Amino acid sequence: MLNLTDIKALNIEISSKCIGKCPFCSRDQKVRPYGNHFITFQDFRKLPRTLIRQLKWITFAGNFGDLSTNRDMVKIAGYIKELNQNVVLGGETNGSVQDEKWWRELGPFFKDGSMEFSVDGLVDTHAIHRIGTDYHKIIKNIKAFTSAGGVAHWKFILFSHNEHQVDEAEQKARQIGCKRFFVVPSRDYNEQLKKSTKFEFQIKRDIFQFYDEKTASSKAVAVCKPFANGSVYIAADGAVHPCCYSHCMHITEHNKLFDFILPLIEKYHDEINYKTRSFKDIIQGPYFREVLEKSKTNTYCRMKCNQYRKTIKKQLILIDRRFQ
C-alpha cells in the first residue's frame with residue numbers, strides 16, 4: 001500500500017486545452033469525451049499541504065493540454081514555492097499562449113528546474129508540424145521567460161523539412177537565453193511529415209520494442225512508478241493515476257496490451273478524483289492497489305516501465321547541447 005509519505009513527485013496535467021494541432025498528438029486519438037479541463041488555483045489547494053512540502057519535483061506535462069492555457073499557472077507555481085522552496089519545477093509547452101508579461105512572471109519559479117519549449121524549426125518550418133502556433137510569439141515568450149531567470153530548454157523534433165536548420169536553431173536557442181538545445185525524432189511520420197534522411201535513428205516504438213524483448217528474455221517484471229520513484233500522475237479533470245499512460249489509455253485506448261486498466265478506471269472512476277475525494281484515500285484505495293498488482297505481469301507495463309527506461313530516454317535524444 002502507498003502512504004502519503006511515499007510520494008516524492010507529481011506529474012500534473014494542469015490543463016487539457018491546447019491551441020496546437022500537431023498531427024500525431026494524442027488529442028486526435030480520443031475515443032472518449034475529454035474536453036477542456038483545468039486544475040484551477042482553488043483545485044490545486046485541495047492537495048494536502050504536507051504533500052507539497054515533501055515533494056522533490058513537480059512536472060507540468062500532461063497528455064492532452066498545454067500548461068500555458070491555464071491562467072492560474074503563475075499563481076499555482078508561486079503557491080508551491082511558498083510551501084516548498086526546494087521543490088524542482090519542470091514543464092513542457094509550445095510557448096505560443098499568453099504574453100511576455102505572463103512568461104516573465106512565471107520564469108523565477110523555474111530557476112532550479114526547467115521549461116521545455118517545443119520549437120520544431122525556424123520561422124518558415126516550425127508550424128508545418130506545430131500547426132496553429134506562432135514562431136515569433138514563442139521566441140518573444142522564451143526571451144521573457146529566460147530574462148526573468150527561468151531555465152529554458154529548446155526541444156526540436158526532427159523531420160526532413162527542418163533537418164537543414166538544426167545548427168541555426170541551436171544558435172538561436174543560445175541567443176535567446178536557452179540553457180539546452182536537444183533534437184529528438186517524431187513519434188511517427190507520414191507523407192507530409194517525412195522522416196529525416198540526414199540522421200540515422202529509430203523511432204520510439206521500435207526502441208521500446210527492442211528493450212522490451214531484452215526485458216522479457218531476462219524475465220524481469222515492471223516496477224510501477226509510484227513504487228519505483230514515488231511518482232503519481234494527476235489529470236486535468238482531477239483523476240489521480242499511477243502514471244500518464246493510465247490516463248491516456250482511458251481516453252484513447254491506444255494499446256490493447258494495456259487493456260486491464262480500462263475496466264479498473266471505469267469501476268473506480270468516481271472514487272479517484274482528488275477534486276471531490278481525499279488524495280490520501282485515493283492512493284491507498286482499491287484502484288491503486290489493483291493497478292500496482294496487475295502491472296507486475298502486464299506486457300505494456302513491462303515495456304514502458306522496465307530497467308532500461310533511463311537508457312531508452314537517452315537513446316531517443318539525437319543531439320544534446322548545453323550552454324552556460
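User: Which residues does phenylalanine 60 touch, not counting those up to four places away in sequence?

Analyst: Phenylalanine 60 touches Ile12, Ile14, Leu67, Met73, Ile80, Leu89, Gly90, Gly91, Glu92 and Phe110. Contact here means heavy atoms within 4.5 Å. Two notes on the source follow. This is a predicted model, in which local features need pLDDT of at least 70 and side-chain atom pairs count only at pLDDT 80 or more, while totals for chains, interfaces and linings use all residues. Residues are numbered from 1 along each chain as its sequence is written, and side-chain values use heavy atoms, with hydrogens and water left out.

User: What makes a set of residues a nonpolar core, and which residues have the most contacts inside the largest one?

Analyst: The members must be buried Ala, Val, Leu, Ile, Met, Phe, Trp, Tyr or Cys, joined through side-chain atoms within 4.5 Å. The largest such core has 103 residues. Leu10, Phe60, Leu106, Trp154 and Phe279 have the most contacts inside it. Helix α3 (residues 73-83) gives the largest share of this core, seven residues. In soluble globular proteins, nonpolar side chains tend to be buried together.

User: Why is glutamine 165 called buried?

Analyst: Buried means under 20% relative accessible area, exposed means over 50%, and partly exposed is in between, with a 1.4 Å probe and protein chains only. Glutamine 165 has 4%, so it is buried. Its place is the loop between β5 (152-158) and α7 (166-175). Helices (H or I, at least four residues) and strands (E, at least two) are DSSP runs, numbered from the N terminus.

User: What makes the link between the side chains of glutamine 165 and threonine 125 a polar contact?

Analyst: A polar contact is a pair of N or O atoms within 3.5 Å; within protein, one must be able to donate a hydrogen and the other to accept it, and residues adjacent in sequence count only if both atoms are side-chain atoms. The two side chains are joined at 2.4 Å. A polar atom of the glutamine 165 side chain also lies 3.4 Å from the backbone nitrogen of leucine 122. Beyond four places in sequence, glutamine 165 touches Gly121, Leu122, Asp124, Thr125 and Phe156.

User: Which backbone oxygens does the side chain of glutamine 54 reach?

Analyst: One belongs to leucine 4, at 2.5 Å. The other belongs to isoleucine 7, at 2.9 Å. Glutamine 54 sits in helix α2 (residues 49-54). Leaving aside neighbours within four places, glutamine 54 is in contact with Leu4, Thr5, Ile7, Lys8 and Asn84.

User: Why are α10 and α11 called roughly perpendicular?

Analyst: Axes are lines fitted to C-alpha atoms, for helices over the stretch in contact, and angles run from 0 to 180 degrees between N-to-C directions. Under 35 degrees counts as roughly parallel, over 145 as roughly antiparallel, 65 to 115 as roughly perpendicular, and the rest as oblique. Helix α10 (residues 244-252) and helix α11 (residues 261-268) cross at roughly 85°, with axes that come within 9 Å. That makes α10 roughly perpendicular to α11. Ser246, Met249 and His250 of α10 meet Ile261, Leu262, Ile265 and Glu266 of α11.

User: How many residues of that contact are nonpolar, polar and charged?

Analyst: Four are nonpolar, two polar and one charged. Ala, Val, Leu, Ile, Met, Phe, Trp, Tyr, Cys and Pro count as nonpolar, Asp, Glu, Lys and Arg as charged, and the others, Gly among them, as polar.

User: What makes α11 and α13 roughly antiparallel?

Analyst: Their packing angle is about 170°, with axes 10 Å apart, and α13 covers residues 286-294. The two helices are therefore roughly antiparallel. Ile261, Leu264, Ile265, Lys267 and Tyr268 of α11 meet Pro286, Tyr287, Glu290, Val291 and Lys294 of α13. By class, this contact has seven nonpolar, no polar and three charged residues.

User: Why does α10 count as mostly covered?

Analyst: Nine of its nine residues are buried. Among them are Cys244, Tyr245 and His247.

User: Why does glutamate 253 count as partly exposed?

Analyst: Its relative accessibility is 42%, so glutamate 253 is partly exposed. Glutamate 253 follows α10 and lies in the loop between α10 and α11. Its phi is positive, about 50°, although it is not a glycine.

User: Is glutamine 98 buried or exposed?

Analyst: At 18% relative accessibility, glutamine 98 counts as buried. Glutamine 98 is in the loop between β3 (88-93) and α4 (100-106). Its phi is also positive, near 75°.
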